[in-house]
Amino acid sequence: MNLYQHLIPHGKTEYWQWGETLGISLGALLLSYSLLPGDPLNTHVFPWIWMAPVLIALRYGVFMGVVSVLIFLGGWLVWATDQAVSYAAFPRITFLGGTLMVMISGEFSGVWISRTRRIEELQHYTEQRLELLTRRLYLLSLSHDRLEQDLIGRPSSLREGLKELNRILPAVNGLPGADIYLALVVRQCNLSVAGLHAVNEGQISPDPVASIGAFTPVDDQDPLIAHCINSGELVHINTEENLTELPSRYLVAVPAKTADGRLIAIMAVEKMPFFALQTENMQTLSVLTSYYADTITATEFTPFLTDTLKDCPIDFFKAMHTLRRLQKDMQISSMLVGFAAHDTRESAEQLKSIANAVRGLDETWTLVRGEWRLCLVLLPLAGAGALGGYLDRIEHIFVERFGTRPGQMGILTRSVTLEQDPISTRLDDFIVALTEHAHDPQQ
């Protein structure tokens, strides 16, 4: 069944191969018979008839060449029967030599056909990759031009602005750092006239804590402001609620909501360029406002902000205490890992490698305390197994880059779960313990 399926032509190309093989082979036999009726296979003269199967083998390979030889065999048998010639007179040597010549030619053809196809496939793949790279380069060029246009009116980057917000310390009351926040959103979102108002138990303070331009006291009865407070989401005049039909002197209202959904302030925008009233710009304004709200309301972290920890990233504090609460209330484990080395240029490079090897959810803090340089890594939702895998990965990185393990380079390691007291509840105690004692990682 498999041989039958193999012999059946598939597609126009194979039908053409079979047609050429049959046509050339039968044509050569008929021509030879017309010229030499008594010797159709040219056994006593130059065997030019064998050029037909050789040509077929060179063109289509061994298989079609053998088919042509079999047609010659069938033709000779028909001729012998018609001429009453004994089968014993079959020219074995001539036929064997012709068959070997055809098979060698077919094998040579098969090798070069395979090489040609491989080269053609490689060229086709290369052309596809070249076309893809050309398109990507074109898109990259368009993106670069767009970035240049977007950055014309932005003297500072978003990363620098977030660094400024990180310098704002949490407070129990008020809106600390309001001027820093407002200056940031003015630069990033192209605001012309805007004001930030505190909100206490749903009541808006009439006077702005910070403002830009000729901003007047907020109207808490304004439809746009009221809708923003009720929905708890950013609202502008082009929202789906079709607020353009309602009288309002504001273009945008942005709620400053904390992660737990508490509204602490509202940003009201009276004037801004028309081209700035777009979806991406509104998303940026909303993200910066939420980030500011989370930064200034981190009052639960205030007891841990000792004098020695003023330079700790606020994101590190937030993540640590949030994960500690998850571990305490829901038994979801997380790990705090510390690496310490004497403060040298080599140790700075080594600890930088550790800080760069974090996963997407991990938080790091690199600091210097006296003669020690430290790197603290927070592993969210990680147990003992994940900790072992992380330390193995760090060792593998050190062996590849520095040729030895961290411990052999004088780097001390300590790890704790976030529920252990007192080390996990006060980072300064953990730092002291890390620099005073070197032992194997523990849970």
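Is Asn190 buried, partly exposed or exposed? Asn190 counts as partly exposed because its relative accessibility is 23%, where buried means under 20% relative accessible area, exposed means over 50%, and partly exposed lies in between (1.4 Å probe, protein chains only). Welcome to a set of close-up views.

This is a predicted model, in which local features need pLDDT of at least 70 and side-chain atom pairs count only at pLDDT 80 or more, while totals for chains, interfaces and linings use all residues. Residues are numbered from 1 along each chain as its sequence is written, and side-chain values use heavy atoms, with hydrogens and water left out.

**View 1. The whole chain comes to 13 helices and 10 strands.** Helices (H or I, at least four residues) and strands (E, at least two) are DSSP runs, numbered from the N terminus. Of the 443 residues of the protein chain, 39% count as buried. The chain exposes about 25400 Å², and carbon and sulfur atoms supply 58% of that area; accessible areas come from the Shrake-Rupley method with a 1.4 Å probe, and for residues only the protein chains shown count as cover. Among contacts with a separation of 6 or more, 64% are between residues 24 or more positions apart, a contact being heavy atoms within 4.5 Å.

**View 2. Asn190 sits in the loop between helix H7 (178-189) and strand E1 (193-200).** Its phi is near 60 degrees, a positive value in a residue other than glycine.

**View 3. Strand E1 has several antiparallel partners, including E6 and E3.** Two strands pair if DSSP finds at least two bridges between them. E1 is mostly covered, with 6 of its 8 residues buried. To E6 it is joined by 6 bridges, and there His197 has Ile266 as its bridge partner. Strand E3 (residues 210-212) pairs with E1 over 3 bridges, with Ala210 as the bridge partner of Leu196. Strand E2 (residues 203-204) pairs with E1 in the antiparallel sense over 2 bridges, and Asn200 stands opposite Gln203. The hairpin of E1 and E2 has 2 residues between the strands, and Glu201 in this hairpin takes a positive phi near 55 degrees.

**View 4. In the largest nonpolar core, Val252 and Met267 touch the most other members.** A nonpolar core is a set of buried Ala, Val, Leu, Ile, Met, Phe, Trp, Tyr and Cys residues joined through side-chain atoms within 4.5 Å. This core holds 28 residues. At least two of its residues come from each of H7, E1, strand E5 (252-257), strand E6 (263-271) and helix H9 (279-296). Leaving aside neighbours within four places in sequence, the contacts of Met267 include Tyr181, Leu182, Ala194 and Val252. There is also a second, separate core of 21 residues, which includes Trp372, Leu378, Leu427 and Phe430.

E7 is largely enclosed by the rest of the structure because 7 of its 8 residues are buried. E7 and E9 pair in the antiparallel sense over 8 bridges, and Gly338 stands opposite Leu376 in E9. Strand E10 (residues 412-417) pairs with E7 in the antiparallel sense over 6 bridges, and there Gly338 stands opposite Arg414.

**View 5. The structure holds 7 aromatic pairs.** Rings of Phe, Tyr and Trp (its six-membered ring) pair if their centres lie within 6.5 Å; planes under 30 degrees apart count as stacked, over 60 as edge-to-face and the rest as tilted. Trp18 and Phe63 make an edge-to-face pair, because their planes are at 75 degrees, with the ring centres 6.2 Å apart. This pair links distant parts of the chain, with Trp18 in helix H2 (residues 11-35) and Phe63 in helix H4 (residues 62-83), 45 residues apart. Phe398 and Phe402 have ring centres 5.1 Å apart and planes at 50 degrees, so their pair is tilted. Both lie in helix H12 (residues 384-402), 4 residues apart, about one turn of the helix. Phe398 is buried, with a relative accessible area of 1%, whereas Phe402 is partly exposed at 27%. Elsewhere, Trp50, Phe72 and Phe95 form one aromatic cluster.
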